[in-house]
Amino acid sequence: MKTLYRQFIVATLFILALSILIGFTLANVFYLTVTKEQNIEKNIGIAEEIVTTLNMVPHADNNFDRYLEAVADLGYQIAVVDGDGQKRFYGDAFDDAALPEEADRVLTDGEVYTGVDNFSSRIFMIGHFTNKLHNTVGVPFTYNDAPYGLFIRPDTKLIATDIHSVLIGFVGAIGVVSILGMIWMARQLTRPIVQLTEATKYIARENYSYPLQIRRNDEIGQLSESFNLMQTQLQHNDLARKSFISNVSHDFQSPLMNIQGYADLLKSPDLSDSDRMAYTSIIDQEAKRLSSLTRQLLLLTSLDQGAYPMKHTTVKLDEQLKRVVQKYRWRLEEEDINISYNLPPTSIQGDVELLENVWENLLTNAIKYNKPGGSIEISLKSTDAGVDVAFKDSGIGIAREAIEQLFERFYRVDSSRKTDGTGLGLSIVQQIVTLHHGTINVESIIGEGSEFTLHFPHTVSKR
Ligand code: ADP
């Protein structure tokens, strides 16, 4: 496998090599266009200076050689050619002491020789350092009326001064530090990715508590933060799923046990008619409960999966709410609950069946959790912000801490356990309201009653 770490190192080394190449090329271009000419000029100037001074030194026996040796000691390689072609050398020896033909013109025609020219253009400026007699500048001079040629070049060994060593050290240190830094950087970048990969494998095995220890203030840090968030969410979902399954099993199990138990009792031959009626009615109730539970679960699942075929039409809320009240009139009378409503004509865009489900859930809750002789008020209000539908009852009320959990699946406030219910109604209501881009607000006082206000924005509402 091509690891990211290896790819990073290869890419950086490639960039390093490329920059060296480009840097070297640019330095050469600069040398060939600017520095080389200046160097030749400078060296010719020095050579002319040397021959002028040589002629000013008293012409004693050894003075010629002693002077040139002294100049060579200052950092030059010197060759003097006389009219017979004899060469004398001063300073460090040349690797190759041959001169090209054109150099003869120094003595024959008194021309200046610039061999550096030929060399330096060969392999860039490396030619500049070639230690050959070709690679010199030559000037003619006369000494004691005899013609000579003086060929010089700066001694490469002496050119490399202390500052050059410092510079080479500096560049070398930059190179070493960059390579080490790059290796460290590659590790820093790839280590969290390796950790994240390990963590995803854990998650695939349904283990949602991988201790991801990445504290960084960059994109990788953000990624690991999101990852941790996702892990917490998955853990939460997993717990919710498990508790959902256990709730469903329990909610199916208890009515089934009741049905089974009372069916067994019904088999008894010496059962009074009143007991038989009572047992049959319990079986009937439990069967209805199972049927309602199944219906609600099916609806919730299809809403969850986005599989419910929503049909948006204009829903006349006032008419729909009146119809629902009418449907439950018998229960209201049975429970002796007084209902009043204020329903001006109001419409919204929505799914008729889903919205009817919402009103039925809210109304049946207001009946179930009411007190005998209590009351229910339903109101519809259209404002600039949208449409508000409120269900207010004078029932048992809900504790403040319970309000937060009200919309969770299977949640039932303890005090209402004795009443018939599944704990799914309000979660269905919330799902449907969210699908209609609405919100729900609950106000309640224990012992005094509750008010559920649903708000639908104008995107779905229509006066
Ligand atoms: P259930 O089938 O139990 O009615 P819901 O999801 O409709 O399930 O309601 C969840 C719980 O919220 C109920 O069990 C009840 O405790 C509480 N609740 C809902 N509506 C009211 C209300 N109008 N007054 C008091 N408590 C309510």
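1. The model is predicted, and local features need pLDDT of at least 70, side-chain atom pairs count only at pLDDT 80 or more, while totals for chains, interfaces and linings use all residues. Residues are numbered from 1 along each chain as its sequence is written, and side-chain values use heavy atoms, with hydrogens and water left out.

2. On overall layout, the protein chain is divided into domain 1 (4–159), domain 2 (161–307) and domain 3 (309–456); these bounds come from an automatic or database domain assignment. Taken over C-alpha atoms, the centres of domain 1 and domain 3 are separated by 102 Å.

3. The unreviewed UniProt entry annotates residues 6–32 and 166–186 as "transmembrane region". UniProt positions follow the numbering used here, feature names are shortened, and annotations may be inferred rather than shown by experiment. In the model, residues 6–32 are 100% helix and 0% strand, with end C-alpha atoms 39 Å apart. Residues 166–186 are likewise 100% helix and 0% strand, and their end C-alpha atoms lie 30 Å apart. Helices (H or I, at least four residues) and strands (E, at least two) are DSSP runs, numbered from the N terminus.

4. UniProt, again in an unreviewed entry, lists residues 187–239 as "domain: HAMP". This span is 74% helix and 0% strand, and its end C-alpha atoms are 36 Å apart.

5. Phe-14, Ile-15, Leu-18, Leu-21, Ile-22 and Leu-26 make a nonpolar surface patch of about 630 Å². Patches consist of residues with over 30% relative accessible area and no salt bridge, like charges being joined within 9 Å and nonpolar side chains (Val, Leu, Ile, Met, Phe, Trp, Tyr) within 5 Å. Accessible areas come from the Shrake-Rupley method with a 1.4 Å probe, and for residues only the protein chains shown count as cover. Leu-18 belongs to helix α1 (residues 4–56) and counts as partly exposed at 39% relative accessibility.

6. Which residues of helix α9 (residues 317–327) are buried? They are Leu-317, Asp-318, Gln-320, Leu-321, Val-324 and Val-325. These residues lie on the same side of α9, because they cover an arc of only 165 degrees around the axis. The arc is that of the directions from the helix axis to the C-beta atoms.

7. The structure holds eleven salt bridges, each a side-chain nitrogen of Lys or Arg within 4 Å of a carboxyl oxygen of Asp or Glu. One of them joins Glu-206 to Arg-241, with the closest N and O atoms 3.8 Å apart. Glu-206 lies in the loop between α6 (162–204) and α7 (219–266) and Arg-241 in helix α7, so the pair ties together parts 35 residues apart in sequence. Arg-241 is partly exposed, at 41% relative accessible area. A network of salt bridges links Glu-206, Asp-238, Arg-241 and Lys-242.

8. Arg-409 and Asp-304 form a salt bridge whose closest N and O atoms are 2.7 Å apart. This pair links distant parts of the chain, 105 residues apart: Arg-409 is in the loop between α12 (400–403) and α13 (425–435), and Asp-304 is in helix α8 (residues 273–304). Arg-409 is partly exposed at 30%, as is Asp-304 at 43%.

9. Glu-356 forms a salt bridge with Lys-327, the closest N and O atoms being 3.8 Å apart. Here helix α11 (residues 352–368), which holds Glu-356, is linked to helix α9, which holds Lys-327, the two residues being 29 residues apart. Lys-327 is partly exposed, at 43% relative accessibility.

Definitions and conventions
Buried < 20%, exposed > 50% of the residue type's maximum accessible area, 1.4 Å probe, protein only.
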